[in-house]
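The sequence and the coordinates are shown first, and the description follows.

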Amino acid sequence: MNADLSLYLVTDPALCGARGVVETVRQAVDGGVRIVQLRDKAATDAEIVDQLVDLSHAIDGRALLVVNDRLDAAIAARERGARVDGVHLGQGDASVLRAREALGPDAVIGLTANSPAHLEAVLALPPGTVDHLGVGVIRPTLTKPDHPPALGIEGFRAFAAASPLPCVAIGGVGIDDTEALREAGAAGLAVVSALCAADDPRREAAQFRRRWHAGAAPRILSIAGSDPSGGAGIQADLKSIAANGGYGMAVITALTAQNTEGVRGVHVPPTDFLQAQLEAVSDDITLDAVKIGMLADAEVIRTVVAWLDVVRPPVVVLDPVMVATSGDRLLDPEAEGELRRLLRHADLITPNLAELAVLAGRVPTDWPDALAAAEELSADVGAMVLVKGGHLPGDEAPDALIDAPRGRRQEFAGARITTRNTHGTGCSLSSALATRLAKGEDAPTAVAGARAWLRESLREGEALRVGRGQGPISHFAGLWARGGLDTRPTAAVVEADWWRQISATRTAIDELPFIRALADGTLAREPFLFYLAQDALYLRDYARVLAEAARLASTSEEQAFWANSAHGSIVGELELHAAWLTPSQGVGAATFSARPAPATTAYLDHLRSVAFGGDYEELIAAVLPCFWLYTDLGRRLHAGEFGAYARDPRHPYASWLATYADAAFEEATRRAIEFVATAAAAAEPEKRGRMLRAFEVSSAHELAFFAAPLEGHPVV
Ligand SMILES: Cc1ncc(COP(=O)(O)OP(=O)(O)O)c(N)n1
Ligand SMILES: Cc1nc(C(=O)O)sc1CCOP(=O)(O)O
Ligand SMILES: [Mg+2]
C-alpha cells in the first residue's frame with residue numbers, strides 16, 4: 001500500500017508521561033502525524049490489544065495505526081474490531097512473510113534495515129511483502145539504548161539511494177533535521193521523543209508538517225463530475241487547486257453535457273472504472289487532500305466510501321452536491337442515504353443552505369437557525385461544517401465555520417458581489433479549501449484565504465465573457481493581474497505574502513515566556529498587571545492614531561471603520577481600567593500614573609511618526625499588526641493550541657483571555673486586512689514597499705511589547 005509516511009510517531013509510554021499515550025497520539029494526529037506505531041516493550045499482548053482498540057478509536061481513521069513487534073496482538077485487535085493497519089518488525093522479530101500472509105495485501109508492513117546485508121535480504125523477498133524500511137539510527141538516542149551505530153544524514157542518504165523501498169529515517173531525529181532528511185531521500189521522519197516528550201504534541205507535529213511540506217505544492221485529488229464548459233465540476237476544481245497553490249488531479253464520477261445555460265444530460269460510467277481511476281492515483285501518489293463533489297448515485301458513493309476506507313487521505317472536503325440552484329434534488333433517496341455515511345469520512349463539509357436543510361432534516365428559518373442546524377450536523381458527524389449564505393436574500397453573503405466537536409464557531413461577513421458569474425462557485429470554494437488545508441493552514445485561515453480568493457474571482461468573472469447564461473468565475477484573475485499586463489499583486493497575494501513576511505516574528509511571539517505563562521495560567525500577577533497598564537497606555541494613543549487614519553481615509557466606509565476602531569480602542573482602555581486596574585484588583589492609584597515602558601514608547605513613536613509623517617496607506621499598514629496578531633493569537637489561545645487550560649473558566653485571567661477571541665474584533669480584523677491588502681495591491685511598488693516596512697516594524701514592536709512584562713520591568 002502507498003502509505004503516507006511523512007510524519008511517523010512511534011509511542012513510548014514513559015515519554016508520554018501523565019498525558020498518556022492515547023492523548024499524546026490524539027494531539028499529534030491533530031497536528032498532522034500520518035502514521036502511528038504503538039511501541040510498548042513492557043506491556044503484555046493482552047494489554048497491547050486493549051491499547052490498540054483505544055488508539056484506533058482516538059485516531060478514528062485520520063492516520064494509519066501499526067504495532068511494533070506484536071503481530072499476534074495486531075491480529076487479535078483486528079478481531080476485536082480495532083482498525084490496525086499493520087506492523088513494524090525488526091530483524092529479530094516475527095517473519096515479514098508471515099505478517100503479510102496474516103494481515104493481507106492492504107496491510108502496512110515496515111521492516112527495520114540499516115546494513116547492506118539487510119538490503120540484500122529485502123531484495124530477495126517476494127515483491128509486495130514489505131512496504132517500507134525503518135532506517136536508523138540517524139544519531140545516537142537514549143530512547144533505544146541497544147540501537148545500531150549511527151548512520152548520520154549522509155549514511156542515510158547512501159542507504160536510501162540503494163533501497164528499492166521507501167525509507168523512513170529514525171533515531172535521534174529532531175525538527176531541525178526535517179529539510180536535510182527530506183532532501184536525503186527520506187519518505188518520512190519517525191520520531192519518538194520529539195513528539196512524545198513535547199509539551200504540546202499537536203503544535204510540534206504541525207511544525208514538523210509545515211517544514212516537511214515547505215516549498216512543495218500539496219497534491220489534491222478532486223473526485224467529481226465533468227463540466228465540459230469549464231466553470232464547474234472537475235474543470236473548476238483543477239483551476240481552483242492550481243490558483244490556490246496545489247497540484248490538482250481529477251477522478252471523474254460522471255460526465256455531464258452542460259454549459260452556462262443548463263445541464264442537458266448526465267452519463268455515469270461503470271463504477272468498476274471509477275474504482276480503477278481511484279486506485280491508479282492512490283497506488284502511486286501520496287494524496288495531501290481529497291475534495292469530493294458530484295457523486296451521481298448510490299453505487300458511486302459506495303465505491304468512493306470503500307476507497308476512502310483504505311486510503312484515508314489526511315484532508316477530506318466534501319461539497320455535498322444534492323440540490324440544484326433550481327431546488328431540484330440531484331440524488332435519489334438511496335444515494336442520499338449513502339451520502340450520509342460518507343459525511344463521517346469528511347473533515348469539512350460545505351453545504352449551501354438547501355443542502356444543509358436536507359442533511360439536517362429540517363429547513364432553517366433564518367441565518368441563526370441555519371447555524372444551529374449546522375452545529376447539530378457538525379456534532380452528529382464529527383466534521384466541520386462551512387455554512388454558505390450565498391443563497392440568502394439581501395446585500396450580505398455571510399459564511400460560517402462550525403466546528404462542534406471542538407466547540408468553535410466563526411462567522412465571515414461580506415457584502416454580496418453582484419454578478420451573474422456564479423457558475424461553479426461551490427466547487428471552486430471547496431477545492432480552494434482542500435488545497436489550503438493541505439498546505440497546513442488552520443481551518444479559519446483557510447476559509448478566510450479561500451473567501452478572499454473567491455471574491456476576487458467572482459468580481460472578475462464577467463470579464464471572461466464566457467457563455468450566455470450564468471458564467472464562470474475567473475479562477476486565475478489574481479495570477480493574470482500579477483503576471484499579465486498589470487504587474488500589481490492582488491489583495492489576496494498581498495495578504496498571504498505579508499503574513500509570511502512576519503512569520504519569524506510570529507513564531508518568536510508564540511515562544512515568548514510571557515505568552516506561554518499567560519496560556520498555562522502560571523503568569524504572576526505583577527507582570528500581568530504591568531502588561532495591562534502598558535496596554536491601557538498604548539490603547540489611549542493607538543486610538544488617536546486610528547482617528548488620524550479616519551481623517552485621512554478617502555471613502556466613507558473606511559472613514560467609518562477607522563473611526564469606529566478608534567472608539568473601540570478607547571473603550572477598551574476604559575474597560576481595562578474598570579475591570580483590572582482598580583484598587584479591588586490590588587492596583588493602586590499609581591497604575592493610573594504608570595509611565596510607558598521603553599517598548600510602549602518605541603511602538604507609539606513609530607505609529608505617531610507614520611500617522612503624522614507618512615500617508616494614509618502607510619498608516620493603515622502600521623496599525624494592522626495590532627489587529628491581526630491579537631486576533632490570530634486569541635483564536636489559537638481559544639482553540640487550545642497553547643494548552644487546553646487557556647480556555648478553562650478557572651484560568652486566573654479567563655475573562656481577559658476571552659476578550660482576545662471576541663467575534664466582533666475578529667470581524668474588524670478581517671476588514672482591516674481587506675482595506676490594507678486592497679490598498680497595497682493598488683499601490684505603486686515604492687509605496688507598497690513602505691507599507692510593508694511599516695507593517696513589519698509594527699509587528700516587531702508587538703513582539704517587544706509582549707516580551708517586556710517578563711524582561712525586568714519597573715514596578716507599576
Ligand atoms: C519506523 C521504525 N523503524 C525502526 C524501528 C525499530 O524496530 P526494531 O528494529 O524491531 O526495534 P524495536 O523498535 O523493536 O526496539 C521501529 N520501531 N520503527
Ligand atoms: C524505536 C527506534 N528504533 C530505532 C532504530 O534505529 O531502529 S531508533 C528508535 C528510537 C528513536 O527514538 P527518538 O526519536 O526518541 O530518538
Ligand atoms: Mg522490534
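## A residue in helix H23

Leu532 is located in helix H23, which spans residues 525-552. Helices (H or I, at least four residues) and strands (E, at least two) are DSSP runs, numbered from the N terminus. With a relative accessible area of 0%, Leu532 is buried; buried means under 20% relative accessible area, exposed over 50%, and partly exposed in between, with a 1.4 Å probe and protein chains only. Its C-alpha atom is separated by 7.1 Å from that of Leu576, 44 residues apart along the chain.

## Basis of the description

This is a predicted model, in which local features need pLDDT of at least 70 and side-chain atom pairs count only at pLDDT 80 or more, while totals for chains, interfaces and linings use all residues. Residues are numbered from 1 along each chain as its sequence is written, chains are lettered from A and ligands numbered from 1 in the order in which they are written, and side-chain values use heavy atoms, leaving out hydrogens and water.

Strands E6 (residues 132-136) and E7 (residues 167-170) run parallel and are joined by four bridges; two strands pair if DSSP finds at least two bridges between them. Leu133 stands opposite Cys167 in E7. From E6 the chain passes through helix H7 (residues 152-162) to E7 in a right-handed β-α-β crossover. Right-handed here means that, with the strands pointing away from the viewer, the path from the first strand over the helix to the second runs clockwise.

Strand E7 is also joined to E8 (residues 188-191), by three bridges and in parallel. The crossover from E7 to E8 goes through helix H8 (residues 178-183) and is right-handed.

## The magnesium ion

Asp69 (OD) and Asp93 (OD) coordinate the magnesium ion (ligand 3) at 2.0 to 2.1 Å. Donors are N, O and S atoms within 2.8 Å of the metal (3.2 Å for Na, K and Ca); water is not among the atoms, so sites may look incomplete. Asp69 is buried at 18% relative accessible area, whereas Asp93 is partly exposed at 31%.

## Gln37 and Asn68

Gln37 lies in strand E2 (residues 35-38) and is buried, at 4% relative accessibility. Asn68, in strand E3, is buried with a relative accessible area of 9%. Their side chains are joined by a polar contact of 2.8 Å, that is, a pair of N or O atoms within 3.5 Å; within protein, one must be able to donate a hydrogen and the other to accept it, and residues adjacent in sequence count only if both atoms are side-chain atoms.
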